[in-house]
Amino acid sequence: MTRTLRAAIALTGTAILSLGVVSTSGALQPASAPARAQDVRIGLLLPESKTTRYEKFDRPYIEQKIQELAPGAHVDYYNAAESATTQQQQVNTALAKGDKVLILDAVDSKSIQSSVQKAHDAGVKVVAYDRLAQGPVDSYVSYDNREVGRLQGQALLDALGAKAKTGEIVMQNGSPTDPNAAEFKAGAHSVLDGKVKIGKEYDTPNWDPNNANQQMSGAIAALGKDKIVGVYSANDGLAAGISTALQAAGMNVPLTGQDAQLDAIQRILLGTQTITVQKPYKPEADIAATMAVDFAQGKTLPAGLTPVTVTSGSGQKVPSTLLKPVVVDKGNIKDTVVKDGMYTVQEICTPAYAAACKQAGLM
């Protein structure tokens, strides 16, 4: 984690150091009396499990922080398995169970709007986590998603060097139902447009690696493998499918990613992926848990916890925290994902990667 990020995320009880000096609109009103910790009931709704982060990091970090802040609190956990309909049903279940706050990472930010409205009408607070859902959301925590795309685009340009003018790139963006995907895409285009020729560009339904593999295979067939000089991949799951297609065609070109998945770190060591973007999960999870516990206990969120205001797709002004992403490449693995405790050297440097780890200075 960078020094800036550490300084920005100093959680003490229910307070956090401000990341900016932007005032929020619409003060949140406290309840008449704080709830006891054992009366705190929170619904945690995550979107899918194909991306390893949700079960390995987000869920345990959020649950751990909730228990730290409110020992005895009850957390109802739901995973929507990429189904917007399932997630809507899960919101109904959470409300029926009596959850007073929902931490919601939306599968589809637009279709979940009616569920957010239903929660709001029932007096249940909604903390949008990682993706900004539409509707009357009460607070939001994520990373600066446009900056993620900008960092990815710049890393691809840097890796291409002079080849940026000699061939074409393929862009494989995320799911069209994910508002973050649009931000990543816009950030990448802000760097790449006018500097590379985009031969093919795809939006990938459900962030599915299998779809990404098929799209990449189609792009190779359409453009010719000698014409493709690099690939923009919006995340590491897509990069896994893309990398398989590239290898099947006998290609090795610069390839981006995001989420710092273990397999992506290993691909970076082998040279089949160029970079990933790390969004340290614990700071984000801690902030979401803090927001949720404050709401559940009838407190007003301190201004430092939501230093910026973000406008959702449905026009709501949402008090928010946006954290800073970090680029991970072969040269800084030890100072990023290892130092931040995401993975140990032993987890990364299994026998198949031992030689690459030694070369990178990890062993």
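Which residues have the most contacts inside the largest nonpolar core? The points below start there.

1. **The main core.** This is a predicted model. Its largest nonpolar core has 49 residues. Ile66, Ile103, Ile333, Val337 and Ile348 have the most contacts inside that core. Helix H10, residues 281–296, gives the core its largest share, 10 residues.

2. **Ile103 up close.** Set aside its neighbours within four places in sequence. Ile103 then touches Ile42, Gly43, Leu44, Leu45, Ile62 and Ile66, among others. Its contacts also include Val127 and Tyr129. Ala288, Ala289 and Ala292 are in contact with Ile103 too.

3. **Confidence.** The mean pLDDT of the chain is 90. A pLDDT of 70 or more is reached by 90% of the residues. Residues 1–33 are another matter: pLDDT stays under 50 there. The model still has 74 contacts beyond four places in sequence for this stretch.

4. Find the open sheet of 7 strands. Its order is S2-S1-S3-S4-S5-S11-S10, and its pairing is mixed. Strands S2 (74–79) and S10 (308–311) stand at the edges. Each has a single partner strand, so one side of each is left without a neighbour in the sheet. From one strand to the next, the twist averages 25 degrees.

5. Look at S10 and strand S11 (residues 317–323). They run antiparallel, and 4 bridges join them. Val310 has Val318 in S11 as its bridge partner. Strands of a sheet pair through backbone hydrogen bonds.

6. **The disulfide.** How many disulfides does the model have? The count comes to 1. The disulfide joins Cys349 to Cys357, with an S to S distance of 2.1 Å. That is a disulfide because the cut-off is 2.5 Å between cysteine sulfur atoms. Both Cys349 and Cys357 are buried. The torsion about their S-S bond is about -95 degrees, so the disulfide is left-handed.

7. **Ala354.** Is Ala354 buried or exposed? Its relative accessible area is 19%. Buried means under 20%, so Ala354 counts as buried. Ala354 is in helix H13, residues 354–360. Leu269 is 85 residues from Ala354 along the chain, yet their C-alpha atoms are separated by 9.6 Å.

8. **Thr272.** Thr272 is in the loop between helix H9 (262–270) and strand S9 (276–278). Thr272 is buried, with a relative accessible area of 18%. Leave out residues up to four places away in sequence. Thr272 then touches Ser243, Gln247, Asn252, Leu255 and Arg267.

9. **Ile198.** Strand S7, residues 197–203, holds Ile198. The relative accessibility of Ile198 is 26%, so Ile198 counts as partly exposed. Beyond its neighbours within four places in sequence, Ile198 is in contact with Ile169, Met171, His189 and Asp193. The C-alpha atoms of Ile198 and Gly167 are separated by 9.0 Å. Those two residues are 31 residues apart along the chain.

Note on methods:
Residues are numbered from 1 along each chain as its sequence is written. This is a predicted model: local features need pLDDT of at least 70, side-chain atom pairs count only at pLDDT 80 or more; totals for chains, interfaces and linings use all residues. Side-chain values use heavy atoms; hydrogens and water are left out. Buried means under 20% relative accessible area, exposed over 50%, partly exposed in between (1.4 Å probe, protein chains only). Helices (H or I, at least four residues) and strands (E, at least two) are DSSP runs, numbered from the N terminus. Contact means heavy atoms within 4.5 Å. pLDDT is the predictor's confidence in each residue, from 0 to 100. A nonpolar core is a set of buried Ala, Val, Leu, Ile, Met, Phe, Trp, Tyr and Cys residues joined through side-chain atoms within 4.5 Å. Two strands pair if DSSP finds at least two bridges between them. Axes are lines fitted to C-alpha atoms, for helices over the stretch in contact, and angles run from 0 to 180 degrees between N-to-C directions.
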